[in-house]
Amino acid sequence: METETILILDYGGQYKQLIARRIRECHVYCEILPHTSPVETIRSRRPRGIVLTGGPNSVYGPDAPTCSPELFSLGVPLLGICYGAQAMAHALGGRVEPAVTAEYGRTALSVDDSGALFKDVPRETTCWMSHRDRITALPSGFRVTAHTADCPVAAMEDATRRLYAVQFHPEVEHTPQGKDMLRRFVRDICGCGGTWRMASFAQTEIQRLRAQVGEKRVLLALSGGVDSSVTAALLARAIGSRLTCVFVDHGLLRKNEAQAVQRVFGPGGAFDMHLVCVDARDRFYAALQGVSDPEQKRRIIGEQFIRVFEETSRSLGEMDYLAQGTIYPDVVESGTGGDVIKSHHNVGGLPEHLSFSGLIEPLRPLFKDEVRALGLELGLPRELVFRQPFPGPGLGVRIVGEVTAEKVRILQEADAIFQEELLRHGVDTSQGQFFAALTNMRSVGVMGDHRTYDYAVVLRAVSTSDFMTATAVRLPYELLESAMNRIVNEVRGVNRVLFDLTSKPPATIELE
Ligand code: XMP
């Protein structure tokens with residue numbers, strides 16, 4: 001059966017992947033193509049519908065991207081969003097002019113007419129606007145279906161030709177009914193049945209990777225985190241033993257993490273791949289000896305990681321491709337998505353002077369929850385797929401001050417107890433980070449009849465949706481008490497347990 005496809009023509013807008021994601025949420029397959037794609041290319045994909053994205057231009061600006069008139073003769077429904085709406089209006093003889101008042105952000109939207117996109121949408125709702133220009137005269141055949149205080153044509157349609165346009169962004173969360181509007185478009189107007197599932201993504205990607213890799217060899221740095229694990233699982237299903245994964249135990253992992261990775265990916269595990277585990281613990285501890293500055297620690301861990309990875313990959317002989325678990329939010333963070341820029345870099349970044357004939361990043365279009373769904377689809381264990389985010393430098397940034405093997409042991413034990421107690425008390429950890437950290441503070445205690453002078457462990461529990469801000473989670477007191485009790489009793493070297501209540505800002509999530 002032919003896959004029902006929606007094409008997204010990219011006019012340079014920052015939300016194109018979000019549109020794609022929303023369409024996938026409607027269980028419909030979609031592809032993003034540049035707006036310059038020839039009409040033959042578009043036709044050859046046999047799309048059920050086409051979405052024109054937003055973009056930074058003005059239709060009257062020099063070199064403004066246009067909307068080919070041939071698009072309208074394809075006979076498939078079209079939805080223009082923001083710039084896409086203006087490009088559609090302009091191409092069909094409407095007028096677009098600079099708005100008297102530019103609209104940015106949350107805006108009250110009045111639905112004038114129950115246009116096809118707005119069937120179940122209340123007459124008064126909210127939308128997210130981000131525009132300077134606006135449509136001031138409709139192309140013939142169109143009628144206005146929604147307006148705002150400053151935008152007379154917030155939405156328009158020509159139901160006969162099945163052409164729809166919205167000035168606002170239905171794909172962002174701040175347009176609460178936006179998902180319904182996109183669903184109306186792809187399911188009702190374009191008539192897609194909604195049969196696409198993550199399993200189909202897996203199947204298509206596996207075929208594509210097989211064709212791309214052929215008889216060649218692929219190397220992947222497997223950290224045991226969700227993204228690299230799903231990448232490994234996908235590649236293993238696609239190319240089996242032509243994939244080699246290098247797993248570096250830098251001695252800063254959580255308790256039993258190295259064993260868990262070997263269980264899933266190693267010999268006898270569920271995936272047929274060549275897994276090389278490098279025990280580099282002593283090397284990292286030696287490099288970190290006497291270093292207490294957080295940034296210097298990060299740098300040392302990053303450099304050592306790359307060195308170990310390079311040495312190992314050299315010893316494995318020639319590899320053709322390097323695979324990475326880059327996901328869409330990483331693309332945005334690195335700046336290419338045109339959005340927020342964050343300075344954290346994952347350990348395991350691309351070693352620049354290793355030569356590969358190409359980079360393979362199969363998760364690049366996916367958001368985190370989609371990566372998780374894919375992981376489950378590929379048969380990865382739930383505890384791995386729903387693992388909390390863990391920083392590349394690992395426990396190195398959860399031990400305040402100098403890192404030693406002894407401190408790592410203390411922290412691993414304390415953190416494992418905290419995780420067990422969270423699980424036992426049924427705390428949902430999927431929306432945040434929950435971990436133990438080790439302070440550099442030692443204080444006096446008494447155990448039995450003996451004086452102790454031991455470390456204080458901090459428990460941190462924060463909820464966050466974007467990791468830029470975070471608030472402390474109100475954990476049940478009994479949980480805190482039992483975690484405290486078990487840690488001081490079971491972990492040698494700890495005589496005090498503290499709970500960190502601080503939000504971010506002013507604190508950060510990690511202690512360093
Ligand atoms: P902070 O501590 O800055 O952390 O509030 C925000 C998010 O980033 C993670 N983090 C890191 N991730 N390398 C990483 O790969 C790092 O050096 C690093 N530092 C912090 C942290 O776990 C949280 O999810």
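**Exercise 1: Cysteines**

The sulfur of C127 lies 8.2 Å from the closest cysteine sulfur, that of C151, which is too far for a bond. The model is predicted, local features need pLDDT of at least 70, side-chain atom pairs count only at pLDDT 80 or more, and totals for chains, interfaces and linings use all residues. Residues are numbered from 1 along each chain as its sequence is written, and side-chain values use heavy atoms, with hydrogens and water left out.

Task: Determine how many disulfides the model has.

Solution. Begin with the criterion: a disulfide is a pair of cysteine sulfur atoms within 2.5 Å. C127 has C151 as the partner with the closest cysteine sulfur, at 8.2 Å. Next, consider C245, which is in no disulfide, as the nearest cysteine sulfur, in C277, is 9.6 Å away. By this rule the count is zero.

**Exercise 2: Two packed helices**

Task: Describe how α13 and α14 pack.

Solution. Two packed helices are described by the angle between their axes and the distance between the axes. Helices (H or I, at least four residues) and strands (E, at least two) are DSSP runs, numbered from the N terminus. Axes are lines fitted to C-alpha atoms, for helices over the stretch in contact, and angles run from 0 to 180 degrees between N-to-C directions. For α13 (residues 405-424) and α14 (residues 477-490), the angle is about 150° and the axes are 9 Å apart. Angles under 35 degrees count as roughly parallel, over 145 as roughly antiparallel, 65 to 115 as roughly perpendicular and the rest as oblique; α13 and α14 are therefore roughly antiparallel. The contact (heavy atoms within 4.5 Å) involves, among others, A414, I417 and F418 of α13 and L479, S482 and A483 of α14.

**Exercise 3: A covered helix**

Solution. Helix α3 spans residues 83-91, and seven of its nine residues are buried. Finally, α3 is followed by G93, with a positive phi near 95°.

Methods
Buried < 20%, exposed > 50% of the residue type's maximum accessible area, 1.4 Å probe, protein only.
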